[in-house]
Amino acid sequence: MLMISVKYPRLFNLFWFSLDVQGDPLAVVLMIDYYASLACQFDFLLKFYGQLNPLRNLDLLPNFAYSIPLALFLQSQLNSKDCSGDCLEADKKLQDALIMFPGFVTRLMRYTTLGGVTNLDKSKLFGEEIRTESDSLGRLLDLYVTRTHTLWTSPDTVSWLERNIVTVLGSVEPVSTTTGEPVQPDPRLKQYSKKRRSLYPALPRNVLRHLILCDLPDAPPLFPRVSSCTCVLIEAMVCSVAFY
């Protein structure tokens, strides 16, 4: 799969669209952004997101919330040293992703060091909010970071991420990070906190199948019941035969 996606990205794209896009029994939507980015198929990824997001709410998946701004940023680096337009859009989307899915940052820090940002665990966003993260959302973030951390650890990308973390901290913390004065936090802090608590109660079965087949030690599947475990394992085996 990796060889196909990197060497023959167009074939991989056609393969994806030949699947059950609505049902997506193996949750391919959780990895197509990674393979597209790995193959530098940023135009495809952005078009794919633009077409399917209104139908599938891809922005509520951590992998797309982060892969889209990353694609914009990397594309701007490839196209021109002056990345004004794309970089502004990338910054905006990355900041939104950081507020919606702050757990990405702490997980990425297992693989790289972020300079210029300290005491993140004491902040409201990257401390208190992460501690209320559901297990199912946490597993989606585990999966994304485990799979894609190499895309985020280049010096330019890390610097871009650090800059946006500082910006986000300045907008969502109840106390100004520069003056120490009380401020009105960005309303997204409260709005997205409610979203996280309501939208990720448990992992769908197709995501469980995906986790089983990926077999990543840092992102094991979460089974609600023993009986469900057996059923999903059988389903994953059956789907994998058809998939490969």
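Asn57 lies in the loop between α4 and α5; helices are DSSP runs (H or I, at least four residues), numbered from the N terminus. The model is predicted: local features need pLDDT of at least 70, side-chain atom pairs count only at pLDDT 80 or more, and totals for chains, interfaces and linings use all residues. Residues are numbered from 1 along each chain as its sequence is written, and side-chain values use heavy atoms, with hydrogens and water left out.

Asn57 is not a glycine, yet has a positive phi of about 50°. Most residues other than glycine have a negative phi. Asn57 is partly exposed, at a relative accessible area of 43%. Buried means under 20% relative accessible area, exposed over 50%, and partly exposed in between (1.4 Å probe, protein chains only). Cys40 is found in the loop between α3 and α4 (42–56). Its phi is also positive, at about 60°, although Cys40 is not a glycine. Cys40 is partly exposed, with a relative accessible area of 45%.

Helix α12 (residues 205–214) has 7 of its 10 residues buried, so it is largely enclosed by the rest of the structure. The buried residues include Asn206, Arg209 and His210. In helix α3 (residues 32–38), Ile32 is buried, with a relative accessible area of 1%. The C-alpha atoms of Ile32 and Leu45 are 8.3 Å apart, across 13 residues in sequence.

The largest nonpolar core has 68 residues. Such a core is a set of buried Ala, Val, Leu, Ile, Met, Phe, Trp, Tyr and Cys residues joined through side-chain atoms within 4.5 Å. Phe64, Phe104, Trp152 and Ile165 have the most contacts inside this core. Helix α5 (residues 62–79) gives the most to it, with 9 residues. Beyond neighbours within four places in sequence, Ile165 is in contact (heavy atoms within 4.5 Å) with Leu98, Val105, Leu114, Val117, Leu120 and Phe126.

The whole structure holds 12 aromatic pairs. Rings of Phe, Tyr and Trp (its six-membered ring) pair if their centres lie within 6.5 Å; planes under 30 degrees apart count as stacked, over 60 as edge-to-face and the rest as tilted. Tyr66 and Phe104 are stacked, because their ring centres are 4.0 Å apart and their planes at 25°. Tyr66 lies in helix α5 and Phe104 in helix α7 (residues 103–108), so the pair ties together parts 38 residues apart in sequence. Tyr66 is buried, at a relative accessible area of 0%. Phe104 is buried, also at 0%. Ring pairs link Tyr66, Phe73, Phe104, Tyr144, Trp152 and Trp160 into a cluster.

Technical notes. Helix = DSSP H or I, 4+ residues; strand = E, 2+ residues; numbered from the N terminus.
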